[in-house]
Amino acid sequence: MTAQSPDLVPFHLAIPVDDIDAAREFYGKVLGFSEGRSDTKWIDWNFRGHQVVTHQVGDGPSKTPRDGIAGTNPVDGHQVPVPHFGLVLPVPEFQELAERLTARGTDFVIEPYVRFQGEPGEQWTMFFLDPAGNALEFKAFADLGQLFAV
C-alpha cells in the first residue's frame, strides 16, 4: 500500500480482536496492509497512511466470534452496520479488493454495489466483517470531489 500523503493527517484507531494470528492473516494478507510495530498481543497496521492497531483481548481465539454489529442504520435500502470503519479507494482498487474478497468466500454484510446511483455522492460500497466481527466499509467514487456532496 502507499505511504502517507504529505497533506494527510493520520488518524489512530485501536480495535479488539480475539485472535492476533487471524488478524495478521486478514489485515496483512487479505487486505494487503503492511505491518508496523507489534508484540504478542497487538499489531500496528499502515492503513493507507493511518494507524490501525489490532489488540488481542482475552486469551486467544473465541469459540464463538464476537458480533461486531452493535447496531444498524438504514441507508439506501440497506441496514448499514454501526460502528464501522474503512477506506475510500480508487475505483479499480475497490473492484480488485471486491474480487479478492469474493474469491476468498467472504460473507458480505452488504455486497459490493453502487449506492446513490445518478445522485450527488454516487459511490461503490461494500461491508464485511474481520475475523473478530469488526465491521469494515470500503468505498470508491468515480469523482472523489463527491466525497462530501450534499
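**Close-up views of a predicted model**

H84 is partly exposed, with a relative accessible area of 31%, and the views that follow, like this residue, come from a predicted model rather than from an experiment.

View 1. Leaving aside neighbours within four places in sequence, H84 is in contact with F127, A135, L136 and E137. For F127, the separation from H84 is 43 residues in sequence and 8.6 Å in space, taken from C-alpha to C-alpha. The peptide bond that leads from V82 to P83 is cis, its omega being near 0°. As background to this view, most peptide bonds are trans.

**View 2. The largest nonpolar core and its contributing elements.** This core has 27 residues, and those that touch the most other members are Y27, L31, F47, M126, F128, L136 and F138. Two or more residues each are given to the core by β1 (12-17), α1 (20-30), β3, β7 (85-89), α2 (91-103), β9 (123-129) and β10 (135-140). Helix α1 supplies the largest share, which amounts to five residues. In soluble globular proteins, nonpolar side chains tend to be buried together.

**View 3. Contacts of Y27.** Once neighbours within four places in sequence are set aside, Y27 is in contact with I15, G32, F33, W45, F47, T54, F85, D130 and L136. Two of these partners, F47 and L136, are listed together with Y27 among the core residues that touch the most other members. P16 itself is partly exposed, at a relative accessible area of 31%.

**View 4. The hairpin of β2 and β3.** Strand β2, residues 34-38, pairs with strand β3, residues 42-47, in the antiparallel sense over three bridges. The hairpin that joins β2 to β3 runs through three residues. Within this pairing, S34 stands opposite N46 in β3.

View 5. R48, found in the loop between β3 and β4 (50-56), has a positive phi of about 55° although it is not a glycine. D76, in the loop between β5 (71-75) and β6, likewise has a positive phi, near 50°, and is a residue other than glycine. The relative accessible area of D76 is 37%, so D76 counts as partly exposed. Most residues other than glycine have a negative phi.

**View 6. The salt bridge between E93 and R48.** E93 and R48 form a salt bridge in which the closest N and O atoms are 2.7 Å apart. Because E93 lies in helix α2 and R48 in the loop between β3 and β4, the pair ties together parts that are 45 residues apart in sequence. E93 is partly exposed, with a relative accessible area of 28%. Side chains of opposite charge can pair when their charged atoms come close.

**View 7. Further salt bridges.** A search of the whole structure finds eight salt bridges, and several of them are shown here. Within helix α1, the side chains of K29 and E25 meet in a salt bridge at 3.8 Å, N to O, and these two residues lie four residues apart, about one turn of the helix. K29 is exposed, at 61% relative accessible area, whereas E25 counts as partly exposed at 32% relative accessibility. A further salt bridge joins E137 and K139, the closest N and O atoms being 3.8 Å apart, and both E137 and K139 are buried.

**View 8. A nonpolar patch at the surface.** V88, L144, L147 and F148 make a nonpolar surface patch of about 410 Å². Among these residues, F148 lies in the segment after β10. F148 has a relative accessibility of 72% and therefore counts as exposed, the cut-off for that class being over 50%.

Notes
Residues are numbered from 1 along each chain as its sequence is written. This is a predicted model: local features need pLDDT of at least 70, side-chain atom pairs count only at pLDDT 80 or more; totals for chains, interfaces and linings use all residues. Side-chain values use heavy atoms; hydrogens and water are left out. Two strands pair if DSSP finds at least two bridges between them. A nonpolar core is a set of buried Ala, Val, Leu, Ile, Met, Phe, Trp, Tyr and Cys residues joined through side-chain atoms within 4.5 Å. Buried means under 20% relative accessible area, exposed over 50%, partly exposed in between (1.4 Å probe, protein chains only). Contact means heavy atoms within 4.5 Å. Patches are made of residues with over 30% relative accessible area and no salt bridge: like charges are joined within 9 Å, nonpolar side chains (Val, Leu, Ile, Met, Phe, Trp, Tyr) within 5 Å. Accessible areas come from the Shrake-Rupley method with a 1.4 Å probe; for residues, only the protein chains shown count as cover. A salt bridge is a side-chain nitrogen of Lys or Arg within 4 Å of a carboxyl oxygen of Asp or Glu.
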